[in-house]
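Hi,

Here is the structure I said I would pass on. Have a look at it first, and my notes follow below.

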Amino acid sequence: VLLIRRGQAPGLGLLAVPGGFLEQRDTVYQSAVRELEEETGLAMLEPALRQCLKAVAVFDRPDRSQRGRVITHAHYFDLGERALPAVQAGDDARDAQWVPIAELAELEPQFHDDHFQMLDHFLGVLRP
C-alpha cells in the first residue's frame, strides 16, 4: 500500500493515504490522480493507472475528519504483479513509502483520521 506521512497539521507526522481536495476544474478521478502524483511522485502513464482502478467508495461519516465536514471519494488502484514504482514525498507529504499489507494492522494507531478504516474497507485488513 502506498502511504504518506503527513507533513502538515492536522495529523502532522501521521500515516495517511495520499489525497487532497478538488480543484475547480477537476473531476473526482482527475483530482485523485493529481494528488497521488503531487504527494508521492508516482509516475505511471494515465492509461495504465486507469486499468489499475478497481473500486471507488465514498466515506462521509460526519465526524470522520478533524477538519470538520469532509467527504472523501477514495479510489482503490491495484498494480497487480507490476514492480512497485519509485516514490518520493512531495507537496504536503513528509514521506512516501510502500508498506506491505500484512503490516497495516500493527500500524493502525499511527493513522490520521479514518484512513486505516478506508484501507480496511478495500483490503479487508482486519478480516481473519
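A word on naming before the rest: helices are DSSP runs of H or I with at least four residues, strands are runs of E with at least two, and both are numbered from the N terminus. Also keep in mind that this is a predicted model.

With that in hand, Asp 113 sits in the loop between α3 (104-107) and α4 (115-123). Its phi is near 45 degrees, a positive value in a residue other than glycine. Asp 113 counts as partly exposed, at 26% relative accessibility.

Asp 91 is another non-glycine with a positive phi, about 55 degrees. You'll find Asp 91 in the loop between β4 (72-77) and β5 (93-98), and this residue is exposed, with a relative accessible area of 55%.

One more backbone item: the peptide bond from Ala 9 to Pro 10 is cis, with omega near 0 degrees. Pro 10 belongs to the loop between β1 (2-6) and β2 (15-16).

Now the sheet. Three strands make up an open sheet, ordered β2-β1-β5, with antiparallel pairing. β2 and β5 stand at the edges with a single partner strand each, so one side of each has no neighbour in the sheet. Between β1 and β2 the antiparallel pairing runs over two bridges, and Arg 5 stands opposite Leu 15 in β2.

Finally, helix α1 (residues 28-40) lies across β1 and β5, and runs at about 65 degrees to β1.

Cheers

Notes: Residues numbered from 1 in each chain as written. Predicted model: local features only at pLDDT ≥ 70, side-chain atom pairs only at ≥ 80, totals over all residues. Heavy atoms only, no water. Buried < 20%, exposed > 50% of the residue type's maximum accessible area, 1.4 Å probe, protein only. Pairing = 2+ DSSP bridges. Contact = heavy atoms within 4.5 Å. Axes fitted to C-alpha atoms, helices over the stretch in contact; angles between N-to-C directions.
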